[in-house]
Amino acid sequence: MASGDFILGIDLGTTNSLVGVVDSGFPILLADAEGSRSTPSAVHYGRDGSVAVGSAALRQRVLDPARTVTSVKRLIGRREGEGDWRPPYDLRVLGTTAVEVSAAILKHLRTVAEMAMETTITRAVITVPAFFNDAQRIATKRAGELAGLIVERILAEPTAAALAYGLDKLGERKKIAVFDLGGGTFDVSILEMRDGVFQVLATAGDTELGGDDIDRLLAQHVWETSAQGQSVWFEQLSAEVQVRLVTAAEAAKKKLSSEATVRIELPFLWQGQSLEREITRADLDKIAGPWAERTRQHCWRAMTDAKIKPEDLDEVLLVGGSTRMPLVRQVAQDIFGREPNVSQSPDEAIARGAVIHAGMLSGALQQVILLDVTPLSLGIETFGGLMNVIIPRNTTIPSKAGEMFTNAVANQESMLVRVLQGERELAKDNWELGRVEVPFPAGPRGSARVGVQYSIDANGILQVLARDTAMNHDVVLEIQNTAVDVDDAKVEAMISESVEHAFDDMNERIWTEARLKAEELLPAVDQALAQLGCEVDLAEAQRIQSSAAKVRLLLKADVHDARALKQANAELDDATQSLAVLLMDKAMEEALARKGLA
Ligand code: ADP
Ligand code: MG
């Protein structure tokens with residue numbers, strides 16, 4: 001295989017990042033110059049303009065915590081101030097952004113891979129948590145591009161884990177739970193294998209729950225139970241002393257995964273005094289007990305959302321470095337009522353899965369698995385030229401969804417189904433993939449019942465089925481490939497346009513909805529007034545008239561003031577409350593009279 005065809009598989013983690021590639025048919029993870037296959041996701045920005053990545057950055061953290069960026073994954077793709085986490089650094093002061101910091105890490109990984117493979121590599125698959133939203137995925141992709149990589153695929157972490165465990169060979173309808181406890185976050189996902197595709201049925205978790213918490217709790221415990229700790233609170237210690245304690249606590253915690261006791265030795269820690277302590281696994285379990293228990297509710301939530309019970313699961317996978325803790329394994333086993341599968345290294349499983357997926361894409365691994373998602377939303381034009389989404393963007397294919405529609409005007413004899421693709425609120429701003437006419441018997445407004453179903457098969461072929469449910473008449477339209485074969489640039493343009501126009505689009509949508517409502521309301525009010533005008537008092541009739549006039553005025557205005565129209569509609573609705581009651585009584589009386597009961 002030509003070296004230029006390599007595609008990197010990258011686990012861009014909150015705490016640690018890994019990179020690998022399929023070489024001679026085998027997925028392998030690549031080590032850096034220090035022989036390590038895992039790079040801390042840390043970047044140090046020196047005052048002199050130097051940039052250090054990975055363990056070199058972590059070494060600086062002790063000396064220069066405010067200029068060492070860690071856990072940047074918690075910030076990527078988020079607006080300023082969004083989320084609860086407040087970092088111990090300020091990216092603006094450092095003159096950088098979360099995307100750029102991530103790009104620095106990715107660039108480092110790319111270099112590690114290029115050194116190991118002795119060739120340039122420009123393509124990559126990058127994993128992200130299943131719960132990452134569009135903005136976070138786009139930002140991650142952008143970071144890859146800044147690192148000079150073509151990001152072939154953004155892959156969900158639990159899906160990558162399942163691939164690493166070879167569960168794609170399990171067969172259909174198998175259900176898997178992926179329990180991922182890393183450095184700073186906890187994710188649990190329920191996956192199902194369906195038609196050759198992993199679908200994420202549900203995902204839950206806590207972005208503030210991870211191994212870091214234990215490092216800090218253990219450091220505090222160690223300090224507060226030491227001789228010096230009697231006089232000074234942990235929080236009062238300098239940042240440097242705190243970092244030394246936390247680093248020692250993490251090392252102790254890791255050792256306690258395989259040993260029963262460890263010694264902590266910190267020479268000249270504070271005011272020339274050293275700290276020496278012995279910690280047992282029992283001490284650690286006591287500190288970590290409530291923390292590990294916090295995973296339970298999220299697992300139940302994910303299972304509830306996926307509508308399954310623990311016994312419905314075929315496999316439970318543990319990933320993330322913190323699942324090496326015996327206590328965590330115990331809790332996971334207890335939650336799911338089964339022995340978890342730990343046959344793969346928990347800290348490498350996601351990276352390995354990313355590499356396998358990259359290998360499938362490049363053709364280095366002979367096996368086809370479809371993990372496509374719809375790049376853009378698919379929908380239908382509805383009343384007033386609005387886009388009604390049927391299958392949202394980023395839905396895993398195959399997928400099927402439908403909705404019921406009716407006629408907007410009386411005596412309509414057919415409905416035009418326009419199949420649209422795009423992210424804009426107005427139909428005319430999206431792309432038309434096809435159209436089909438559905439005939440139905442003429443009747444009053446709202447009498448027709450047309451069901452529209454979209455189904456995309458594993459090959460990305462969209463089939464549109466429109467059914468007049470009264471006559472049981474079907475019209476089928478097949479749209480080849482267009483549903484998923486859209487080039488990336490166009491998808492990006494569509495998404496950025498939709499963001500750019502979001503405000504105007506939303507205003508236009510609210511306006512159109514309010515206009516349709518007003519057009520329905522006004523004739524009904526006129527008719528009711530004509531029929532019952534003499535039965536309402538003058539003041540009320542005047543209030544109704546003036547509210548109706550206000551709606552009419554707004555409808556005619558050149559500038560579409562959506563909010564004002566909505567408000568005027570509401571006022572009109574309110575003013576006609578008792579008129580509506582009168583109308584109802586009247587109708588009731590008439591109906592009873594017809595039956596000879598009154
Ligand atoms: P992330 O997905 O957040 O990048 P990882 O999966 O690499 O993180 O997990 C990192 C966390 O795992 C850290 O908190 C680290 O202390 C913890 N960890 C790594 N090895 C062990 C171990 N042997 N025992 C306990 N915890 C460990
Ligand atoms: Mg991880």
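These entries go from the whole protein to a few single residues.

**Entry 1: the whole protein**

I noted before anything else that this is a predicted model. I then asked how many helices and strands there are in the protein. I counted 14 helices and 23 strands. Next I looked up the span of the C-alpha trace along its principal axes, and I wrote down about 100 × 65 × 55 Å.

I also checked how much of the chain is covered. Of the 598 residues in the protein, 48% are buried. The protein exposes about 28,500 Å², and carbon and sulfur atoms supply 51% of that area.

Then I looked at contacts between residues at least 6 apart in sequence, and I found that 65% of them join residues at least 24 apart. I found 63 positive and 86 negative side chains, and the centres of the two sets lie 2 Å apart.

**Entry 2: an open sheet**

Which order do the strands of the open sheet take? I read it as S6-S5-S7, with antiparallel pairing across these 3 strands. At the edges I found strand S6 (51-53) and strand S7 (68-70), each of which pairs on one side only. Neighbouring strands of this sheet are turned by 20 degrees against each other on average, with direction ignored.

I went on to the pairing of S5 with S7. Strand S5 covers residues 42-45 and is joined to S7 by 3 bridges. I picked out Val 43, and its bridge partner in S7 is Val 69.

I stayed here for two residues in loops. Arg 67 sits in the loop between helix H1 (55-63) and S7. Is Arg 67 buried or exposed? I count Arg 67 as buried because its relative accessibility is 14%, and buried means under 20%.

I then listed what Arg 67 touches, leaving aside neighbours within four places in sequence. Its contacts are Val 43, His 44, Tyr 45, Gly 46, Arg 47 and Leu 94. Arg 67 and Val 43 are 24 residues apart in sequence, and their C-alpha atoms are 8.5 Å apart in space.

Ser 71 lies in the loop between S7 and H2. I noticed that Ser 71 has a positive phi of about 50 degrees although it is not a glycine. Ser 71 has 8% relative accessibility, so I marked it as buried.

**Entry 3: a hairpin**

I moved to strand S2 (residues 16-23) and strand S3 (residues 26-29). S2 and S3 pair in the antiparallel sense over 4 bridges, and the partner of Val 21 in S3 is Ile 28. How many residues lie between S2 and S3 in the hairpin? I found 2 residues there, and Ser 24 in the turn has a positive phi of about 50 degrees.

**Entry 4: Asn 411**

I looked up another loop, the one between strand S18 (399-405) and strand S19 (414-421), where Asn 411 has its place. Asn 411 is not a glycine, and yet it has a positive phi of about 65 degrees. I wrote it down as exposed because its relative accessible area is 57%, and exposed means over 50%.

My last page holds two residues. Ser 322 is in the loop between strand S15 (315-319) and helix H8 (326-336). I noted a relative accessible area of 6%, so Ser 322 is buried. Not counting residues up to four places away in sequence, Ser 322 touches Leu 181, Gly 182, Gly 211, Trp 291 and Val 328.

Leu 327 has its place in helix H8. Its relative accessible area is 15%, so Leu 327 is buried as well. With neighbours within four places in sequence left aside, Leu 327 is in contact with Asp 285, Ala 288, Gly 289 and Ala 292. I also looked up how far Leu 327 is from Ser 399: they are 72 residues apart along the chain, and 39 Å separates their C-alpha atoms.

How values were computed
Residues are numbered from 1 along each chain as its sequence is written. Chains are lettered from A and ligands numbered from 1 in the order in which they are written. This is a predicted model: local features need pLDDT of at least 70, side-chain atom pairs count only at pLDDT 80 or more; totals for chains, interfaces and linings use all residues. Side-chain values use heavy atoms; hydrogens and water are left out. Buried means under 20% relative accessible area, exposed over 50%, partly exposed in between (1.4 Å probe, protein chains only). Contact means heavy atoms within 4.5 Å. Accessible areas come from the Shrake-Rupley method with a 1.4 Å probe; for residues, only the protein chains shown count as cover. Lys and Arg count as positive and Asp and Glu as negative; His and the chain ends are not counted. The place of a charge is taken as NZ of Lys, CZ of Arg, CG of Asp or CD of Glu. Two strands pair if DSSP finds at least two bridges between them. Axes are lines fitted to C-alpha atoms, for helices over the stretch in contact, and angles run from 0 to 180 degrees between N-to-C directions.
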